[in-house]
Amino acid sequence: MAHHKSGSRVAIASNGHGVVGTRGADDLVEAFLARPVRRDLFDMANSDPVLETLRDAVRRMKRLPQGDRRNWERLARIHQNFCVHDNWFFLPWHRAYLYFFEQICRRLTGVDDFALPYWNWARQARLPRPFWASPLAHSRAATPGSQRMASMAGGRVLDQLLNEPNFKNFAGYDIHAGDDPHTTHVRTGFLEGTPHNHIHNFVGRDMAVRARSSRDPVFWVHHAMIDACWFEWNFRRSHRNPDDDDWNSREMRGFVDGDGNPATMTVADSLLLPVTSYQYEDLQLGVAPLESREPLPTDPVEAKEIAQEGTDVELEVMAQFIEPVNALARVEEPVRASMDIRGAPLGGLFGDDPGARCLLVVVVDAPHGSPDFAVRAFFRADATRETSLDDPTYIGSFALFSPGDHEGKGGGQLAFNLDASEALRAVSGLDTSDLPLSLVLAPIPGRTAAGQSLSVVRVELQFVSDR
């Protein structure tokens with residue numbers, strides 16, 4: 001349950017849409033049936049009551065004095081000072097951040113059933129029209145006609161990452177017990193590294209820098225979409241969160257509740273929020289038909305069991321190959337590497353072992369500016385930004401979300417994760433002593449990324465198997 005702290009006093013959240021971690025069955029049913037619905041912005045008219053309430057809430061937050069913790073700029077500083085990226089607390093921390101933002105919206109507007117809409121960028125390639133008018137407008141690099149890159153946030157790539165069964169690959173890798181999630185960058189999951197980061201860069205300016213991103217109102221509907229993806233992955237595609245005591249019991253901090261009091265929440269309680277505090281409509285994420293996925297749970301006990309059921313998310317590393325690079329990639333100058341993977345356990349990958357996979361890990365120096373590019377990886381020596389993404393040696397793409405002045409552990413380095421299995425199987429005449437790899441910078445459409453570069457530290461190929 002959410003813990004709201006005022007001085008040394010700790011009290012249990014008790015509003016009508018609060019967390020019910022230890023409530024009885026009757027309270028669970030009541031909360032489940034009363035959940036407000038988060039809806040797709042694509043289907044909303046400009047005058048929709050949800051949008052009107054969001055506008056009203058944002059206006060009120062911007063008018064609050066600096067002494068009120070619910071003031072717009074002070075809420076943005078929460079992300080600056082406490083946000084979690086590049087590890088497996090990324091999703092639960094942002095889920096809690098959105099939950100408390102909804103509480104503030106409800107309290108300030110008096111609309112007790114308000115639920116954040118989400119920007120389904122897989123379906124709606126342009127930034128939603130309501131966000132070009134006050135009070136949802138903001139200074140951005142994107143224009144009303146700009147479209148996000150389909151290769152980064154389209155339906156096809158979204159389906160691929162939502163079908164990833166392992167939580168760490170999907171959402172981020174684990175950190176050591178006692179490490180600060182805010183300052184510890186380990187290895188980014190597919191959801192964060194590809195669509196999440198790209199949308200931040202696509203919108204641009206404040207949105208493209210972690211320390212300032214939640215100043216832009218579109219931040220909230222973008223992260224509502226990220227949370228919808230996690231819900232889809234967990235509830236609709238039947239994948240499981242970690243069964244890990246440190247992960248479940250970790251207390252996430254920095255939040256402010258609807259009354260302006262400091263608040264914290266454990267990861268375990270964040271897992272219950274879609275069961276007790278909000279729900280998603282029968283959403284269409286990706287291109288897979290709705291009937292191919294699990295139906296939305298209609299029984300609160302079943303929904304709670306799905307949310308709380310965990311599994312072992314460790315991957316067995318059967319072999320690892322590391323190649324130092326230490327080179328700068330530019331738009332017109334891809335980084336090339338040659339990897340010696342002799343002795344790699346290719347039998348399972350090329351055979352019938354469904355758990356055998358090859359992961360490409362790219363370690364880079366964290367950028368201080370806002371990258372106007374995505375990074376594409378190929379198993380070929382001559383790939384350029386004109387190389388088709390239908391090329392069988394195309395591995396995948398990732399984007400960088402600038403930490404700004406905050407570097408954290410790891411010496412300012414970030415690690416990105418791509419599933420290279422299919423592309424490796426497609427390499428013609430595979431020479432394990434000389435496997436070519438190209439990392440290509442592809443500018444966001446409408447931008448040149450002139451003068452921008454990416455410092456690539458090393459690349460790794462990991463041959464893993466699900467336990």
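Mentor: Let's start with Arg-123, which counts as partly exposed because its relative accessibility is 39% (buried means under 20% relative accessible area, exposed over 50%, partly exposed in between, with a 1.4 Å probe and protein chains only). Keep in mind that this is a predicted model, where local features need pLDDT of at least 70, side-chain atom pairs need pLDDT 80 or more, and totals for chains, interfaces and linings use all residues. Residues are numbered from 1 along each chain as its sequence is written, and side-chain values use heavy atoms, leaving out hydrogens and water.

So who does Arg-123 pair with? The partner is Asp-43, and the two side chains meet in a salt bridge at 3.2 Å, N to O (a salt bridge is a side-chain nitrogen of Lys or Arg within 4 Å of a carboxyl oxygen of Asp or Glu). This pair ties together distant parts of the chain, 80 residues apart: Asp-43 sits in the loop between strand 3 (37-38) and helix 2 (49-63), while Arg-123 sits in the loop between helix 4 and helix 5. (Helices, H or I with at least four residues, and strands, E with at least two, are DSSP runs numbered from the N terminus.) Asp-43 is partly exposed too, because its relative accessible area is 47%.

Glu-102 forms a salt bridge with Arg-106, and their closest N and O atoms are 3.8 Å apart. These two are four residues apart in helix 4, so about one helical turn separates them. Both Glu-102 and Arg-106 are buried.

Asp-391 and Arg-380 meet through their side chains in a salt bridge of 2.4 Å, N to O. Asp-391 and Arg-380 are eleven residues apart, with each placed in the loop between strand 12 (373-378) and strand 13 (394-398). Asp-391 counts as buried because its relative accessibility is 16%, whereas Arg-380 is partly exposed at 24%. How many salt bridges does a search of the whole structure find? The answer is 36.

While you have the viewer open, take a look at some backbone details as well. Most residues other than glycine have a negative phi, and most peptide bonds are trans. Asp-86 isn't a glycine, but its phi is positive, near 65°. You'll find Asp-86 in the loop between helix 3 (72-82) and helix 4, and it is buried because its relative accessible area is 2%. Asn-326 is another non-glycine residue with a positive phi, about 50°. Asn-326 is part of strand 9, residues 315-330, and is exposed because its relative accessible area is 61%. As for peptide bonds, the one from Ser-134 to Pro-135 is cis, with omega near 5°. Pro-135 belongs to the loop between helix 4 (90-109) and helix 5 (150-153).

Last stop: strand 14, residues 413-419. Five of its seven residues are buried, so strand 14 is largely enclosed by the rest of the structure. Strand 14 pairs with strand 11 (residues 356-365) in the antiparallel sense over seven bridges (two strands pair if DSSP finds at least two bridges between them).
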